[in-house]
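I am opening a notebook on a structure that is new to me. The entries below record what I looked up, in the order I did it.

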Amino acid sequence: MEPTTFIMFGATGDLAKRKIYPALYNLYVDGKLPQAFTLFGLGRREWTDESFRINVEQSLHQFSRRGAKDAESVKAFVRAFRYSVLDIGREDDYRKLLKLVEGRENELSIPSNRLFYLSVGPEYFETIAANIQASGLGSANGWKRLVIEKPFGHDLRSARDLNRKLSQAFAEEEIYRIDHYLGKPVVQRMESLQQTNPVMQALWTNRYISNVQITALESVGVEERAGYYDHVGAVRDMFQNHMLQLLMMTAIHLPHDSSSEKVRFKKKKVMESLELVQKEDVGASVIRGQYSEGSIQGKPVVGYASEPGIAPSSMNDTFIAARLLIDNNDWRGVPFYIRTGKRMKEKSTKIVVEFKEPVKQPWMKIEEGIEPNLLVIEIGPEESITLQINTKEPGPNGGRFKPIRIDLQAGQADSPEAYENLIGDALNGDSTFFAHWDEVELSWQWVQPILDAFEENLVPLLPYEAGTYGPAASDALLAKDGNHWWFDAKPEPKSEVNEGERYAYNANH
Ligand SMILES: NC(=O)C1=CN([C@@H]2O[C@H](COP(=O)(O)OP(=O)(O)OC[C@H]3O[C@@H](n4cnc5c(N)ncnc54)[C@H](OP(=O)(O)O)[C@@H]3O)[C@@H](O)[C@H]2O)C=CC1
Ligand SMILES: O=C1O[C@H](COP(=O)(O)O)[C@@H](O)[C@H](O)[C@H]1O
């Protein structure tokens with residue numbers, strides 16, 4: 001791996017401590033960091049190299065999945081860490097930093113390959129990019145990369161504006177826009193699931209698929225992020241980025257030799273085929289909700305409007321469900337249902353691909369226990385890919401039908417975390433699992449009428465009790481098509497014999 005200088009804005013912040021240092025440490029332990037690697041941490045706090053290293057060590061003890069048990073490897077790892085006080089708005093600080101960086105590169109006799117990681121609020125992205133360029137930090141005799149955290153814009157206009165400003169300092173191929181859902185191990189495995197299995201490729205069309213359900217439920221509420229969350233809501237926080245990325249990853253058809261360019265090109269094509277919804281029609285295919293008081297795992301919790309830092313009159317959405325259609329030959333007629341929300345019954349992120357019902361034979365009755373085939377991609381907190389198929393129990397006269405689930409990826413324990421995958425990819429210059437500007441722009445374009453409709457209150461804000469699966473309207477959205485959300489832990493109305501069985505089955509998944 002090429003020698004790299006990692007320049008970390010926001011080195012004293014929460015994300016760095018919880019995600020970035022543990023990810024770098026795990027890469028180090030796995031031998032996936034460059035031999036010549038230096039990290040310059042930046043912030044306004046008057047830390048020294050020593051106090052910075054102590055903070056990093058603490059974060060490893062607290063947050064590394066490996067637990068940082070091996071004191072020697074931790075010491076060796078943090079030796080690569082330096083700290084420099086820098087105020088984002090002060091050009092002079094960048095020039096000082098340049099001297100330090102050049103000094104280190106000369107000491108190690110390495111090219112100036114510089115990775116700038118922006119783990120700071122989005123209001124700083126433009127200023128940092130401009131100052132990197134103005135100070136000469138970006139004019140290197142090696143490569144330069146900009147890794148940038150979400151959110152990328154607040155709406156279509158601000159995202160375009162931000163992109164225009166960033167592109168004055170960095171070319172598109174130098175910008176790595178993080179969407180941590182793309183770093184999740186199961187999401188990354190979706191690519192190979194399709195590529196290496198002709199069976200999957202063959203089935204991946206509207207001929208066999210009835211509908212696709214993409215769900216990201218969280219049991220937590222707004223937590224300590226009221227100031228941020230109340231301005232973005234579920235639509236900007238999760239839907240515009242993570243959920244639409246999952247939709248793209250599900251809907252693409254990948255060639256065998258898929259390069260980063262091809263994957264991103266295919267994703268762009270999916271977004272271009274997504275049927276746009278007019279502002280006035282949003283209410284027909286989008287449900288918005290806000291949690292009211294309720295209980296999560298037996299503990300009472302307050303409603304959103306009573307959370308600390310939230311105005312009692314807040315009209316912010318904490319839940320969104322939507323029905324989307326992709327107008328291309330592969331997916332025409334297949335609804336993609338997406339939902340995400342806070343203070344839901346459980347934490348669960350999954351994609352369920354429901355296949356069309358088998359051709360009914362006169363001797364088959366649905367009461368006999370035949371269920372649709374389902375491909376279930378569990379992204380978190382558990383990770384699995386399973387295929388539900390129907391089997392017949394042995395017994396007199398042929399027994400009963402029963403769905404079973406086949407594990408398609410046994411033996412994938414101890415997966416790396418999303419940030420390990422993504423930072424490793426950025427160090428390697430692999431942008432496959434980062435959001436290209438085209439995808440980001442098209443996502444904002446699709447979401448903009450929803451933002452406008454919410455802003456103008458054209459869509460009702462439905463209360464839902466904390467600890468449930470959201471407003472009943474979210475179930476009705478699917479029921480209109482004769483569908484239902486799979487695996488919500490509640491009984492489905494079925495024949496008496498199967499009802500108990502289905503409930504037990506659902507509750508287990
Ligand atoms: N925390 C999380 O779980 C997640 C965060 N993100 C994104 O990551 C980014 C960082 O978030 P997070 O770590 O939580 O934020 P924090 O508020 O914890 O940290 C902000 C960082 O920015 C630095 N900073 C702020 N102002 C300046 C300035 N004028 N000059 C220099 N440094 C400055 C702070 O350093 P100092 O105080 O020393 O100046 C601090 O290191 C945001 O874009 C956020 O949206 C994305 C996903 C999850
Ligand atoms: O980006 C975000 O994601 C988290 C959920 O991530 P997950 O990996 O735990 O599924 C969400 O809580 C947060 O509000 C949002 O900003």
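Entry 1, a lysine in a loop. I began with K347, which sits in the loop between β12 (336-341) and β13 (348-355). The model is a predicted one, so I kept that in mind throughout. I counted 14 other C-beta atoms within 10 Å of K347, so I put it down as partly exposed. Leaving aside neighbours within four places in sequence, I found K347 in contact with L217, E218, S219 and P381.

I checked UniProt, where an unreviewed entry lists H180, K184, E218, D237, K342 and K347 under "binding site". I then looked up H180, which I found in the loop between β6 (175-177) and α7 (185-195). Is H180 buried or exposed? It has 20 other C-beta atoms within 10 Å, and because the cut-off for buried is 20 or more, I noted H180 as buried. Its contacts, leaving aside neighbours within four places in sequence, are A418, Y419 and L422.

I placed S306 in the loop between β10 (299-301) and β11 (319-324). S306 has 11 C-beta neighbours inside 10 Å, so it counts as exposed. I also took the C-alpha separation of S306 and E293, which is 8.7 Å for two residues 13 apart along the chain.

I checked the length of α4 (residues 91-108) first. Its 18 residues at 1.5 Å each should span 26 Å, and I found the end C-alpha atoms 26 Å apart, which agrees. Which residues of α4 are buried? I listed Y94, L97, V101 and E105. They lie on the same side of α4, because the arc they cover around the axis is only 75 degrees. An α-helix has 3.6 residues a turn, so residues three or four places apart point the same way. On the other side of α4 I found D92, K99, G103, N106 and E107 exposed. The cover over the buried residues of α4 includes β1 (4-9), β2 (37-43), β3 (81-85) and α5 (125-135). After α4 comes S109, and I noted its positive phi, near 50 degrees.

I repeated the length check on α2 (residues 49-63). The 15 residues should span 21 Å at 1.5 Å a residue, and the end C-alpha atoms are 21 Å apart, so the two agree. I listed F52, R53, N55, V56, S59 and L60 as buried in α2. Seen down the axis, they fall within an arc of 160 degrees, so they line one face of the helix. The face turned away from that buried side carries the exposed residues E50 and H61. I found that α1 (14-29), β2, α3 (71-78) and β3 are among what covers the buried residues of α2.

I looked up its membership and found 130 residues, of which M8, L118, V147, L247 and I338 touch the most other members. Helix α9 (residues 226-251) supplies the largest share, 12 residues. I also noted that at least three residues come from each of domain 1 (4-149) and domain 2 (182-507). What does V147 touch, not counting residues up to four places away in sequence? I wrote down L115, F116, Y117, L118, Y176, I178 and A426.

Note on methods
Residues numbered from 1 in each chain as written. Chains lettered and ligands numbered in written order. Predicted model: local features only at pLDDT ≥ 70, side-chain atom pairs only at ≥ 80, totals over all residues. Core = buried A, V, L, I, M, F, W, Y, C linked by C-beta atoms within 7 Å. Buried ≥ 20, exposed ≤ 12 C-beta atoms within 10 Å, placed from the backbone. Helix = DSSP H or I, 4+ residues; strand = E, 2+ residues; numbered from the N terminus. Domains from an automatic or database assignment. Contact = placed C-beta atoms within 7 Å. Expected span 1.5 Å × (residues − 1). Arc of directions from axis to C-beta. UniProt positions renumbered as here; feature names shortened; annotations may be inferred.
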